[in-house]
Amino acid sequence: MITVENLTKTYGQVRALDKVSFQVEEGEVLGFLGPNGAGKTTAMRIITGFMPPTKGRVTVGGLDVEKDNLAVRRLIGYLPENSPLYWDMDVQGYLHFVSEVKGVPRKDRARKVREVMEEVAVTDVRNRTVGKLSKGYKQRVGLAQALLNDPPVLILDEPTVGLDPKQIIEIRELIKSMAGKRTIILSTHILPEVSMVCQRVIIINKGQIAAVDTPGNLTERLQTSRQMEVIVRAPEKDLEQKLRALPGVKGIQISHHENGVLTVVVDSEKGKDLRPAVAQTLVGAGWELYGLRAIEMSLEEIFIQLVTEE
Amino acid sequence: MGNTWAIFKREMRAYFISPMAYALYVIFLLLSGYFFTVGISYYAHYSVMAMQAQQYGGLPPFTETVFRNLFGDVSIVLLLMVPLLTMRLFAEEKKMGTMELLLTYPIRDIEVVLGKFFAALAVIGLMLVLTFTYPLLAQYVAGDQMEYGVALSGYLGLFLEMAAFIAVGIFLSSTTENQIVAGVISFGALLLIWAVGWGEELVSGAIGKILAQLSLLNHFEDFSKGVIDTGHVAYYILFCVFFIFMTLRVLDSNKWRG
Ligand SMILES: Nc1ncnc2c1ncn2[C@@H]1O[C@H](COP(=O)(O)OP(=O)(O)OP(=O)(O)O)[C@@H](O)[C@H]1O
Ligand SMILES: [Mg+2]
């Protein structure tokens, strides 16, 4: 549905995007992940046709964004960063205006506006002035305008910024419910959001793609070792000796010490689950075992690892 | 066309939501009413003198005298007011970031520019319509001496001149995201374009002629005498087209720079 080829964008000296290529299949939800200034917003602005790339090509639904700009814009619903809106209008009036310029047929406008207001839960503030709404409500109105002409493609730049936890969950559900029907690219700083909502993640750093995969695969692939946490009452020296003697153990770290109860992090080789062996060893030595669990490497850690390399 | 209408309606609403439009209407009506009253009194005074001393060679035509002065004064007032109306048209959208949405909607740049242009023109046009009371009042005072044809031709000229002012204002508003800057440079530019004809007498030859041709003021003269010259009408229309075209160029180059 969306293909991005060799996208490069320079602002004067700053290279915001550097030969970025990727594709998004129809109905897929793709997450853009990256630190501040990575180039997420820039990529989105080029895909929506707001500005042309310095080099490279983007097609949406088979149409070239630069050549068939107007046709592409009909396919896209866009929520820019910080959802810029007309602050002097009331919510309903604003959405009505958007429905007009988005070419919703006159007879459907009132209904469409009503539906979309229901969808993002702004019906109860429909007569309020947009500029006087709270940040989260402004964000919802921004989302509403993006959804207005039922676009097959949605480009959402940080859609859940400023929303309350309940609303975040609702918006995520909304996005998930659209998966399969709409092609969606969203950017975010919230990593769990990506694993919850997106089928695929692109991690961008300094204008380049650092990794592309499903959230699950990324976690899997980039894990260099397995870790487990053991809580046990044992003499420190003996414990270390016994654990190190186990085949597959790469390292041991005693992280906490309280009344003789130790919390130990055990590093083992990738693909080997040492939990049964460790448990047996500890119990066999007659020590009191209080806890034993595997530590999953979170997307956060992977992200940090990827963007702080070099 | 539908899109131009949508933009037009939005801009009109924006003008009348804020106190700006109302403030301008009040001030405009006060000033123009004052100029009209002074003009009429002056003419009355003058005609008494002319009757006493025949050597003045009769009276100048009423409508031309009174309304020519009035239109001249009114154009100066509007020259000050047009930048206040046009400065926000693009500068505000750029500053607020709404431009990003507007330009990614399935709508052409020309439709955006025309919608805004006609909205500002409608606000000014309505001001002019409100002053139609003056010819009616003049007829009450001067009877048959009030020639509606001359007044209407003057109104047409004034309207075209305002369209030209607005085109300049919109163009300059598209060049910056600072409303105040847009307003100030529009004001300066309008004064310059307006006054450029004064150089006519000082600069001899071809340059003087060109300056005279460029001046918005010179093209306005004939209208206020009751003469509608298609050349002058074409001048104003071309003037607007040129600045609207320039605005489109700016919007385009903004996209390229980001
Ligand atoms: N209009 C502009 N002019 C000059 N430089 C710009 C412009 N817009 C973005 N940049 C630069 O391009 C780079 C990428 O910016 P971009 O806004 O795409 O980052 P981002 O990934 O969206 O960041 P964030 O997470 O903070 O939103 C940054 O270094 C930024 O300073
Ligand atoms: Mg951004």
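Modeller: Let's start with a definition: helices are DSSP runs of H or I with at least four residues, numbered from the N terminus. Keep in mind that we're looking at a predicted model.

Colleague: Got it. Which helices of chain B each supply at least two residues of the lining of the second largest pocket?

Modeller: Three of them turn up there: α1 (2–17), α3 (62–86) and α4 (88–96) of chain B. With 5 residues, α4(B) provides the largest share of that lining.

Colleague: And what is the volume of the second largest pocket?

Modeller: The second largest pocket comes out at about 290 Å³. It has 21 lining residues, and the closest to its centre are D88(A), A14(B), R88(B), E92(B) and Q179(B). Watch the chain letters here, as D88(A) and R88(B) are both on that list.

Colleague: How do the residues of that lining divide by class?

Modeller: You get 11 nonpolar, 3 polar and 7 charged residues in the lining of the second largest pocket.

Colleague: How should I read a cavity, then?

Modeller: A pocket is an open set of points, while in a cavity a 1.4 Å probe fits but cannot get out. In this model, 4 cavities of 30 Å³ or more are counted.

Colleague: How much space lies in the largest cavity, and which residues line it?

Modeller: There's about 40 Å³ of space in the largest cavity. From chain A, the lining has I76(A), G77(A), Y78(A), K102(A) and Q145(A); from chain B, L101(B), T104(B) and Y105(B) join in. Strand β6 (residues 76–79) of chain A gives the most, with 3 residues. By class, that lining has 4 nonpolar, 3 polar and 1 charged.

Colleague: On to ligand 1. Why is its site called shared between chains?

Modeller: Look at who surrounds ligand 1: residues from chains A and B do, so the site is shared between the chains. There are 15 residues around ligand 1, and G37(A), K40(A), T41(A), T42(A) and E81(A) come nearest. The shell splits into 5 nonpolar, 7 polar and 3 charged residues.

Colleague: Which elements of chain A each supply at least two residues of that shell?

Modeller: Those are β2 (14–24) and α1 (40–47) of chain A. The largest share, 3 residues, comes from α1(A).

Colleague: What lies 2.7 Å from an oxygen atom of ligand 1?

Modeller: That's an N or O atom in the side chain of K40(A). The backbone takes part too: a polar backbone atom of A38(A) is 3.2 Å from an oxygen atom of ligand 1, and a backbone N or O atom of G39(A) is 2.9 Å from one. Taken alone, ligand 1 exposes 640 Å², and the protein buries 68% of that.

Terms used
Residues are numbered from 1 along each chain as its sequence is written. Chains are lettered from A and ligands numbered from 1 in the order in which they are written. This is a predicted model: local features need pLDDT of at least 70, side-chain atom pairs count only at pLDDT 80 or more; totals for chains, interfaces and linings use all residues. Side-chain values use heavy atoms; hydrogens and water are left out. On a 1 Å grid over the protein atoms alone, a cavity is a set of points where a 1.4 Å probe fits but cannot get out, and a pocket is an open set with protein on both sides within 12 Å along at least five of seven lines; lining residues have an atom within 4 Å of a point. Grid points are joined across faces, edges and corners, and a volume is the space filled by probe spheres set on the points. Ala, Val, Leu, Ile, Met, Phe, Trp, Tyr, Cys and Pro count as nonpolar, Asp, Glu, Lys and Arg as charged, and the others, Gly among them, as polar. A residue is near a molecule or strand if one of its heavy atoms lies within 4 Å of it. A polar contact is a pair of N or O atoms within 3.5 Å; within protein, one must be able to donate a hydrogen and the other to accept it, and residues adjacent in sequence count only if both atoms are side-chain atoms. Accessible areas come from the Shrake-Rupley method with a 1.4 Å probe; for residues, only the protein chains shown count as cover.
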